[in-house]
Amino acid sequence: MGFPSPPPAAAEPAADRSLLTGCPWHDVKAMRQRMALGWLLFGKGDRHLTAEMLYEEASRAKVPVSLATIYNTLHQFTEVGLLRQVAVEGSKAYFDTNTSTHHHFFMEDADQLLDIPGADVVVGKTPVPPEGYEIARVDVVVRLKRKS
Ligand SMILES: [Zn+2]
């Protein structure tokens with residue numbers, strides 16, 4: 001038929017294999033929970049969630065999982081680049097399923113993040129980073145309150 005043969009298994013990127021070396025990734029129950037959380041997280045398009053919000057969704061979806069597992073899973077997903085963490089307040093971490101470059105509105109009355117397309121924010125003058133550092137990225141959170 002002339003189809004190219006599939007690439008050999010050895011061509012798999014090393015990053016994927018590294019996921020399996022850590023103990024939690026070997027645990028079947030943990031893997032199931034992680035997959036169920038993955039469905040909840042990534043099955044609905046781009047969204048911004050806190051651990052508590054995901055915990056509520058998991059409960060509603062009858063996924064038996066503790067809040068501690070949710071935290072761990074969110075941080076593991078972030079470490080491998082599936083999620084991006086957005087710090088809005090000291091106590092609250094939002095996780096973004098959209099890992100592309102973009103900024104956020106934060107609606108203070110609704111505790112909700114909204115995407116601002118990257119091109120819509122003009123950062124006037126980026127500061128000079130300390131010796132030996134370069135700017136990795138600039139995150140802008142524009143806080144909104146209702147007009148009084
Ligand atoms: Zn976002």
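Me: Before we start, what pLDDT do side-chain atom pairs need to count?
Reply: Residues are numbered from 1 along each chain as its sequence is written, and side-chain values use heavy atoms, with hydrogens and water left out. In this predicted model local features need pLDDT of at least 70, totals for chains, interfaces and linings use all residues, and side-chain atom pairs count only at pLDDT 80 or more.

Me: Which residues coordinate the zinc ion, and at what distances?
Reply: Donors are N, O and S atoms within 2.8 Å of the metal (3.2 Å for Na, K and Ca), and since water is not among the atoms, sites may look incomplete. In sequence the spacing of the donor residues reads H-x47-D-x5-H-x1-H-x10-D. They are His-48 (NE2), Asp-96 (OD), His-102 (NE2), His-104 (NE2) and Asp-115 (OD), at 2.0 to 2.2 Å.

Me: Are His-102 and His-104 buried or exposed?
Reply: Buried means under 20% relative accessible area, exposed over 50%, and partly exposed in between, with a 1.4 Å probe and protein chains only. By that rule, both His-102 and His-104 are buried.

Me: How far apart are the end C-alpha atoms of helix 3?
Reply: Helices (H or I, at least four residues) and strands (E, at least two) are DSSP runs, numbered from the N terminus. The expected span is 1.5 Å times one less than the number of residues. For the 15 residues of helix 3 (residues 28-42) this should give 21 Å, and the end C-alpha atoms agree, being apart by 21 Å.

Me: Within what arc do the buried residues of helix 3 fall?
Reply: Ala-30, Gln-33, Arg-34, Leu-37, Gly-38, Leu-40 and Leu-41 are buried in helix 3. Seen down the axis, these buried residues line one face of the helix, because they fall within an arc (of the directions from the helix axis to the C-beta atoms) of 165°.

Me: Which residue in strand 5 stands opposite Phe-106?
Reply: Strand 4 (residues 102-107) pairs with strand 5 in the antiparallel sense over 6 bridges. Opposite Phe-106 stands Leu-113.

Note on methods:
Pairing = 2+ DSSP bridges.
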